[in-house]
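Visitor: Could you take me through a pair of packed helices? I am new to this.

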Amino acid sequence: MPIIPQITALVRRSVLLTAPLGKADFRLDTSGVAGVFGGEEAVSAMATVHVYEHRKLLGWYNSPGSYVIAKRYGRLARSKFFDGLFPGVHTDPATLFELDGWPGPKFRAAHSGTIIDETSHMAALLMKECADLPSVEVQGRRTRPIGVTIAELHHIPLREEYPDQISTLAPLYACVPILVSLVTCIMCLLVSDWYSFSMILLGIVVSGISCFVIGSGTFLFTRPEPAEGSPRGDGILSSDKGIVILMGEEAAVNSITRGRFSLRFDSEPHYENIGWCSVLLMIQFIAQLLLIPQGTLFGQMMFVTSLAVSWGYNLWLSAFDKERIQRNILMKNVLREPQLTKYVLGTRTSMVVFVLLILQPEEPDKIMNSLLPNDTKAWRKWKDAVISRIQSAKGFDFDQADWDDGNFTDGDRQLLRTLFQDARDAYDGFTKYHRASGYKNS
């Protein structure tokens, strides 16, 4: 006697429940939710898998958005087969997971003469961190206030560092979609809705495997090693929104200007395991699209319930500020909480003088001209006088006899008086900072 009909009959006799709504004449149209619904939230939640503790082990729930996840992360895999399945521009994992890729501001070194027109993702994070700092206002004339943050980098990170993952409530909250997915799967089994049961189970397995494989990459920070005998790395990061003065050894400053977060996978450079996970996600999408409409109305409702709860969990994960998380990792784990002091100066001229006093650069005229390109006779006289005082370490009490050679117009004289007062205000701010921080330029 054939065994399959016997098994089928036995299962039917062992069913404990009758499917609610089993005689309903309509079916849910799940084509709009199978694989597409919640895709952006699922991608955003997946991007947290490398920074949250235990996150890669907690993906065992029927997550929505399988099609969107497959299309996004399938581009990591590099072979003719995967290029055909997942066309698009290849990128490195860190950029794809939004751990790298932001352009940083221009950097100019104070002693080595190094100029970097576009710095790294780390510099962009530091600029955003400094923008949120409370500030001390330097007294003086105000036209267009600009912030100047002094970052004293006392710690030199290793060439490769492995930041600690962040401990959150994600493991606790992950129990909710996992339990709901399991319960809805079991409910479909009890009413013999094999289509819905198998599709929820498929979603649980594929999501769990994908989360584990994609999360298997090692999160690390890297920086280049400076040349032996390099001078101090002091310099400025400059943008329209503010100035950051970096003070520290060349290796410490390199961590900001050239350091980066990255992900290291055992399968690189081809990432075949991620490619096959993306294939599984596409199979899940197609199977759920075709087979869920064949299930009972009750089974379809269970399927949608599991998706909805999982979407809510993904939405909660994606709501975390990833920029702030990366900033915390940079500040605490990599740079070991550098001392950041922010001042706001009322004019650009006072800002430039303040920066030069802090940096004490080898060639102050180059930094001054890059920050203040004004090149009239009055401006040149002011620049020469200020640079002379900085290099001679004299005070900033300027008398008209120090600069007026009788060749200036009344308008030039008024401008120069204003500019020299700005310089004096910047010097006063510098002396206060010098006393408050115990700063010594080496």
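**Two helices in contact**

Guide: In this predicted model, the axes of helix H3 (residues 66-73) and helix H10 (residues 272-291) come within 8 Å and cross at roughly 155°. Axes are lines fitted to C-alpha atoms over the stretch in contact, with angles from 0 to 180 degrees between N-to-C directions. Helices are DSSP runs (H or I, at least four residues), numbered from the N terminus. Residues are numbered from 1 along each chain as its sequence is written. As the model is predicted, local features need pLDDT of at least 70 and side-chain atom pairs count only at pLDDT 80 or more, while totals for chains, interfaces and linings use all residues.

Visitor: What does the angle make H3 relative to H10?

Guide: The angle makes H3 roughly antiparallel to H10, a term for angles over 145 degrees.

Visitor: Which residues in H3 and H10 meet?

Guide: Ser-66, Tyr-67, Ile-69, Ala-70 and Tyr-73 in H3 touch Ile-274, Ser-278, Leu-281, Met-282, Gln-284 and Phe-285 in H10, where contact means heavy atoms within 4.5 Å. These residues comprise 8 nonpolar, 3 polar and no charged.

Visitor: Which residues of H10 are buried?

Guide: Among them are Ile-274, Ser-278, Leu-281, Gln-284 and Phe-285; buried means under 20% relative accessible area (1.4 Å probe, protein chains only).

Visitor: And what do the buried residues of H10 pack against?

Guide: They pack against H3, helix H4 (80-85), helix H8 (194-214) and helix H11 (297-318).

Visitor: A new topic: how much of the protein chain is buried?

Guide: Of its 442 residues, 48% count as buried.

How values were computed: Heavy atoms only, no water. Parallel < 35°, antiparallel > 145°, perpendicular 65-115°, else oblique. Nonpolar A, V, L, I, M, F, W, Y, C, P; charged D, E, K, R; others polar. Buried < 20%, exposed > 50% of the residue type's maximum accessible area, 1.4 Å probe, protein only.
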